[in-house]
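Notebook, open page. I want to look up the sheet first, then the pocket.

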Amino acid sequence: MNLLSNRFEVPYYAVIFTSQRATGDQGYGQMADQMESMGRDQAGFLGIESYRESSGAGVTISYWKTLEDIRHWKSNPAHQIAQDKGKQTWYQSYSVKICKVERAYDFENM
């Protein structure tokens, strides 16, 4: 596996979004695709990795150049609509952590 997070020049920032989904899609998949596409167009966006278990537990990590870039994305009107819908419908719970990456390295045994 080639990890995305080690392709960026340090320092950069990671937004770690862990969540437990509610039952049913209810438009989640379409909105998630739309948010990922819009996020890619935001200033300072570096990349995204996302994992979801069949139980509904998941982790999405987005990578950004600066904290200001993260603030702009959080305040994007379309993203705010998705955040509200997530609280009302799509998530049982979630947690957000914002971390500064000062060093990154990897190992791959081929």
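Which residue in β4 does S19 stand opposite? I find Y94 there. Strands (E, at least two residues) and helices (H or I, at least four residues) are DSSP runs, numbered from the N terminus.

Source notes. The model is predicted: local features need pLDDT of at least 70, side-chain atom pairs count only at pLDDT 80 or more, and totals for chains, interfaces and linings use all residues. Residues are numbered from 1 along each chain as its sequence is written, and side-chain values use heavy atoms, without hydrogens and water.

Sheet. I looked up how β1 and β4 are joined: 10 bridges, antiparallel. Two strands pair if DSSP finds at least two bridges between them. Four strands form an open, antiparallel sheet in the order β2-β3-β1-β4. β2 and β4 each have a single partner strand, so one side of each is left without a neighbour in the sheet. The twist averages 15 degrees from one strand to the next. I checked α3 next: it packs on the sheet and touches β1 and β4 (contact: heavy atoms within 4.5 Å). The direction of α3 makes about 140 degrees with that of β4. Axes are lines fitted to C-alpha atoms, for helices over the stretch in contact, and angles run from 0 to 180 degrees between N-to-C directions.

Pocket. A pocket is an open set of points on a 1 Å grid over the protein atoms alone, where a 1.4 Å probe fits, with protein on both sides within 12 Å along at least five of seven lines; lining residues have an atom within 4 Å of a point. I noted 29 lining residues for the largest pocket, with F17, T60, W73, H79 and Y91 nearest its centre. α1 gives the most to this lining, seven residues.
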